[in-house]
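This report walks through a two-chain structure, from overall fold to single residues. Please have the coordinates open while reading.

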Amino acid sequence: MSTSVTMRPCGDFRTSYKQDTTIFETKTIRWFAILAIAFACFAPFILDAYYLTLFIQVSYLGIAALGLNILVGFTGQISLGHGAFFGFGAFASAWLNTQFNIPVVFCIPLAGFLTMAVGMMFGMPAARIKGLYLAIATLAAQFIIEDFFGRAEWFSGGSAGSLAEPINIFGFTFDTDESFYYVALFALVFMFIWGCNLMRTRDGRAFVAVRDHYLSAEIMGVKLNKYRLLSFGISSFYAGIGGALYAHYLGYVSAEGFTIFMSIQFLAMVIIGGLGSIKGTLMGVVFMVLLPEAMEASVSLVKETSIGAHPMLVDGLAYIKEMAIGLVIILFLIFEPEGLAHRWNQIKNYWKSYPFAY
Amino acid sequence: MNTDLLLQLITNGLIVGLLYGVVGMCFVLVYKSTQIVNFAQGEFLLLGAWVCWAFLVYMQIPFFLGFIFTMIFMAIFGVLLQLIVLRPMIGEPIISVIMVTIGLSIFFQALTKWIFGVAPQSYPKVFEADSVNILGMSIEPAYLMSMVIAVLIMIGFYLFFKHSKHGLAMRATAFDQQAAQSLGISVKQVFAMSWGIAATVSATAGVVMGMVNGVSDSLSVMGIKVFPAVILGGLDSIVGAIVGGLTIGVLENLAEFFDSQFLHIGNMYDIAPFYVLLIILWFKPYGLFGTKDIERI
């Protein structure tokens, strides 16, 4: 049997572990993926700047959210401090650049490693505690790091915030939406392929084993403490990279943005997308980025009518957006706890066997 | 060293600590009987305070009547919340349950901001006197009332769980859900009741806090400050919640005192409890009175 077929056969005919863990199940999917990336390379020539900014948002949030999914979805640990780690990456990258004059291209991975160190430090209680105790410990981490941003002027510039230079390679500066789009696209594709591959390695399987049944995993010889800590490290690394991209895209980092609300939004992305699904992470991020935009659009739609002109609707838009986020989290958990990825698979399976389900 | 200030701060700490204890008790109640960690506890306070405020200001109802109406409203609200949102979550993994309560918290926080605005509002005056002098310290009557109410609630909890049939049913459910069910206790009813009680009692604390500091968004911070308290006491111990609440209340005021006198770091009042929280989790994750979670294969 060839390693890759054009169409997926109906039923499970995989005979080797390699087939089971392949990233692209069929040739068609792989060609579609390559085509999609190729198309994405031409997007700045076709699309509006507005869509590019949305994409860039999806990219840096998506990288961080993938990190959280590795931690929550694949390893089964809960973190309520991801927003703070994202912020730490942003500040760290700006700090490395301005303080040590390291080129921004190197600052971003370095910021990732710094965030990884911090994440592992706060992940250390995970060696002893789990479940909701861990959730509460990471909640404390969120507040402590947030407080640190406010007071450490040498690092974050205190309440004034800090400036971040745009990315510069060989004299070319990525300071417009169009040029940064390529950085974002590259980072997104790179980090997602890396994430996919990570889950195919021994470490990735160990993560899943720790999540599914940690006692059995330990009996099988998986070092629990090592993998819990490693998972925290990798997840913070992703958060740091996402944060660094965010910093160099906006050019300015202020301490106010990285609140518990941001951490919750990351968790919401992961849950809406689907815990333990890399494809789902991206869906969740897209959903959460588009949700406020959709709210805005729908409010401006009814603006002309008599309800739309009501001051509560116009002035309260920010609160309506927040409410929508809360509501979406609740509704998803009640009606589709496995997320968009699961729903997508169901739709795909329905059409695959249409019209005769066998 | 400024002894007067220290004494005043410790008194404040004890009073606020009692309120932490009350909120912590509700938290533990919900956790014990339904195994749900309620991240929306702070929003109960917020909602209760705003509803009572609306009764008093918009409808011009006298204070005690408005207070009682708020209690009734919150009891119904708590039960409905359990019925609609949390009952479908029974049996789901911890992360889902936590996220649902977080979702509720975001939703209600935004809702109250939307309806009532972000500006802090003060309650109409309930007491005549500005401050009462006790042992040379001036204490606001609202503080005094909060203390009395907190102690009354604690006695009420004790009597309820010790001597009432429903209290016994709740304790039985917390001890062993299946055994309780087989003996004819309606676990559904117990779940709904525990959410109703938690919402009502938290709302009381919210109203009292609102009378002292004014009603605003910052009330919901109580819901997060309660974590250090309950973790210190042990997540499933009601006595622990009270002890933890008092300790954290005094501790944050002491941190504030030492910071303002000697250290000058700033913001210690808000952040010290979280350092304590991390230290407890590191050395004694099940707290002072909590039951150790022993897992058998």
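## Confidence

The model is predicted. Chain A has a mean pLDDT of 85, and 94% of its residues reach 70 or more. Confidence in chain A is lowest in helix α15 (residues 311–315), where the mean is 70. It is highest in helix α12 (residues 224–250) of chain A, at 92.

## Overall form of chain A

Chain A holds 17 helices and four strands. Its C-alpha atoms fill a box of roughly 60 × 60 × 45 Å along the principal axes. The radius of gyration is 21 Å, which agrees with the value near 21 Å for a compact globule of 358 residues.

Of these 358 residues, 43% count as buried. Among contacts in chain A with a separation of 6 or more, 76% are between residues 24 or more positions apart.

## Annotated segments of chain B

An unreviewed UniProt entry places the feature "transmembrane region" at several segments of chain B, including residues 6–31, 43–61, 67–86 and 190–214. Two of these can be set against the model. Residues 43–61 of chain B are 79% helix and 0% strand, with the end C-alpha atoms 23 Å apart. Residues 190–214 of chain B are 96% helix and 0% strand, and here the end C-alpha atoms are 34 Å apart.

## Helix α3 of chain B

Helix α3 of chain B covers residues 63–86. At 1.5 Å a residue, its 24 residues should span 34 Å. The end C-alpha atoms are 32 Å apart, which agrees.

Buried residues of α3(B) include B:Gly66, B:Thr70, B:Met74, B:Phe77 and B:Gly78. Further along α3(B), B:Val79, B:Leu81, B:Gln82, B:Val85 and B:Leu86 are also buried. Against which elements do the buried residues of α3(B) pack? Within chain B, the partners are α2 (41–57), α4 (94–116) and α8 (187–213). From chain A, α16 joins them.

## Two loop residues with positive phi

A:Asn101 lies in the loop between α5 (82–100) and α6 (104–123) of chain A. Its phi is near 55 degrees, a positive value in a residue other than glycine. Is A:Asn101 buried or exposed? A:Asn101 is exposed, because 8 other C-beta atoms lie within 10 Å and the cut-off for exposed is 12 or fewer.

B:Gln60 sits in the loop between α2 and α3 of chain B. Phi of B:Gln60 is near 60 degrees, again positive in a residue other than glycine. With 9 C-beta neighbours inside 10 Å, B:Gln60 counts as exposed.

## A residue in helix α9 of chain A

A:Val189 belongs to helix α9 (residues 177–198) of chain A. It has 15 other C-beta atoms within 10 Å, so A:Val189 is partly exposed. Along the chain, A:Val189 and A:Gly123 are 66 residues apart. Their C-alpha atoms are separated by 27 Å.

Terms used
Residues numbered from 1 in each chain as written. Chains lettered and ligands numbered in written order. Predicted model: local features only at pLDDT ≥ 70, side-chain atom pairs only at ≥ 80, totals over all residues. Rg over C-alpha atoms; globule rule 2.2 N^0.38 Å. Buried ≥ 20, exposed ≤ 12 C-beta atoms within 10 Å, placed from the backbone. Contact = placed C-beta atoms within 7 Å. UniProt positions renumbered as here; feature names shortened; annotations may be inferred. Expected span 1.5 Å × (residues − 1). pLDDT = per-residue confidence, 0-100.
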